[in-house]
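Let's take a walk through this protein together, starting with its overall build and then moving in on its sheets and helices. Keep the picture open while you read.

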Amino acid sequence: MTYPTFFEALDHEQLLRDYPIGDAFTARYTSMSRDELFAIQDAQFRRLMERGWQVPFYRRLWGEKGIEPGDIRGLEDITKLPVYDKSDLMASIAEYPPYGDFHGMGDPATRPPTIFHTTSGTTGKPQVLMFGPKGREVGNLLVGRMYRWMGLEPTDVVHSVYGHGMINGGHYIREAVTHFTNSVFLSAGTGIETRSVNQVRLMADFGVTTIVGFVDYIRKLAETAEAEGLFDKINIRMIIGHLGTEDRASTEAAWHGAKAYDWYGVGDTGTIAGEGPERDGMYVWEDAQYLELLDVDTGEPVAQGGTGDMVVTCLYKDDIAPCIRFNTHDVTHELDGRGEIVFKRIAGFKGRSDNMVKLRGINVFPHAIGAIIENRADLTGEYVCHLRRDASQKDTMTVTLESRGGSDRGELAETLRRGLGVEVDVVLVEPGGTAKATEIDTRQKPLRLIDERGL
């Protein structure tokens, strides 16, 4: 039987022309105008829509809204299309098991190779993730390009704490570094894949200079390195992770002055935005991603500077599982002004709208707690929130904080009340006391909200 291999299904030279990397990247987008950029986006979107109409999921989604192919003539018409989210994908899987009908794979005998992973399941049941050769490699390139622009060098040794198994993260980051940088890559994974003590010993033995992954576990590794007395053998200069609302200074201090860089993405889309070398906001990779910010309640575009859900269209993903107006339910706002390149900038991940809790009329984002309790010597920075509903149908939130000793529960409750705008209950536990609830040693992204209301 004859069928295309992964490498025959993709023109890598054309890929690098369409999505430049290194000096070619900055040269192209330093002087480009917004009109020139829109023309690039529009051409990709038209091609993407042609592919979208071939996929049953989109034919059904758009058809239910009375939309026909001729109704969407270009990127300016994108708001005519409905958004969708993870719940729609999970419904597709339930109705068309096991993969759903959103991938458009086609006949196994003739289709290009397909890469299959899942999400980590932080917000529920793990979701199917599928990639074709183009979607996978452009996604990898965007990460590699971002790392290099941040300052990753061929002399760096990169230690990754992203998870493996069915989870996409560890595999995708390994491919990004090994395909698009010259750095040496250590694929350590989570604490359950490689014990924390062994991870810091690997760092010492192999001269690791850069750590990539989620900062919750990266900070935990710093404590392990201190306990093992290994900082005389470890010299980390860069941390590239997902800082969210938390203060980068504490992460940098934990690793003795390493510079921390923030970026954002989700499993379906890959990297959407990341900081540049000046670390002044996150640049949206607009030659590959089209980002809209929509009001959490109305779904309408927010005003300039307003906070909204990030809705993403992967302009490049026109082979397997196209992504057209996917609502991540992660919220941010756009920054004013132009940075070093033409791409617009966002403030970064501020919380999840579908993980937002409304307490006594106040919107509370559990992830905001991390920033509120940062830089306190009496706390480890680890926390977990439990949401409960009492017999009178009143919702309450209990925030469990890890204390090294000497913490004043009343003072912490007042600090959280001022920071969150609403009263919460506070429980103090010893260091490590939240680990079972957050699953920080086994998950890429630890749980921060546990909803016990049974809704």
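With 455 residues, a compact globule would come out near 23 Å, and the protein has 22 Å, so the two agree. Its C-alpha atoms fill a box of roughly 65 × 60 × 50 Å along the principal axes. Bear in mind that this is a predicted model, where local features need pLDDT of at least 70, side-chain atom pairs count only at pLDDT 80 or more, and totals for chains, interfaces and linings use all residues. Residues are numbered from 1 along each chain as its sequence is written, and side-chain values use heavy atoms, with hydrogens and water left out.

What is the protein built from? There are 13 helices and 20 strands. Both are DSSP runs numbered from the N terminus, with helices being H or I over at least four residues and strands being E over at least two.

Let's go to the sheets. Strands of a sheet pair through backbone hydrogen bonds, either parallel or antiparallel. Here, two strands count as paired if DSSP finds at least two bridges between them.

Now look at how helices meet each other. The axes of α6 (residues 133–150) and α7 come within 8 Å and cross at roughly 70 degrees. The two are therefore roughly perpendicular, a label used for 65 to 115 degrees (under 35 is roughly parallel, over 145 roughly antiparallel, and the rest oblique). Among the residues that meet are Leu 141 and Tyr 147 in α6, and Ile 173 and Phe 180 in α7. By class, the contact of α6 with α7 has 8 nonpolar, 6 polar and 4 charged residues. In this scheme Ala, Val, Leu, Ile, Met, Phe, Trp, Tyr, Cys and Pro are nonpolar, Asp, Glu, Lys and Arg are charged, and the others, Gly among them, are polar.

Back at α8, there is another crossing: its axis and that of α9 (residues 215–227) come within 9 Å and cross at roughly 80 degrees. That makes α8 and α9 roughly perpendicular as well. Val 200 and Met 203 in α8 are among the residues in this meeting, as are Leu 221 and Ala 225 in α9. The contact of α8 with α9 divides into 6 nonpolar, 3 polar and 1 charged.

Another open sheet has 4 strands in the order β19-β18-β17-β20, again with mixed pairing. At its edges stand β19 (425–429) and β20 (449–451), each with a single partner strand, so one side of each is left without a neighbour in the sheet. Neighbouring strands here are turned by 20 degrees against each other on average, direction ignored. Strand β17 (residues 379–389) runs parallel to β20, joined by 3 bridges, and Leu 387 stands opposite Asp 451 in β20. Helix α12 (residues 409–420) packs on this sheet, touching β17, β18 (395–403) and β19.

Conventions. Axes fitted to C-alpha atoms, helices over the stretch in contact; angles between N-to-C directions. Contact = heavy atoms within 4.5 Å. Rg over C-alpha atoms; globule rule 2.2 N^0.38 Å.
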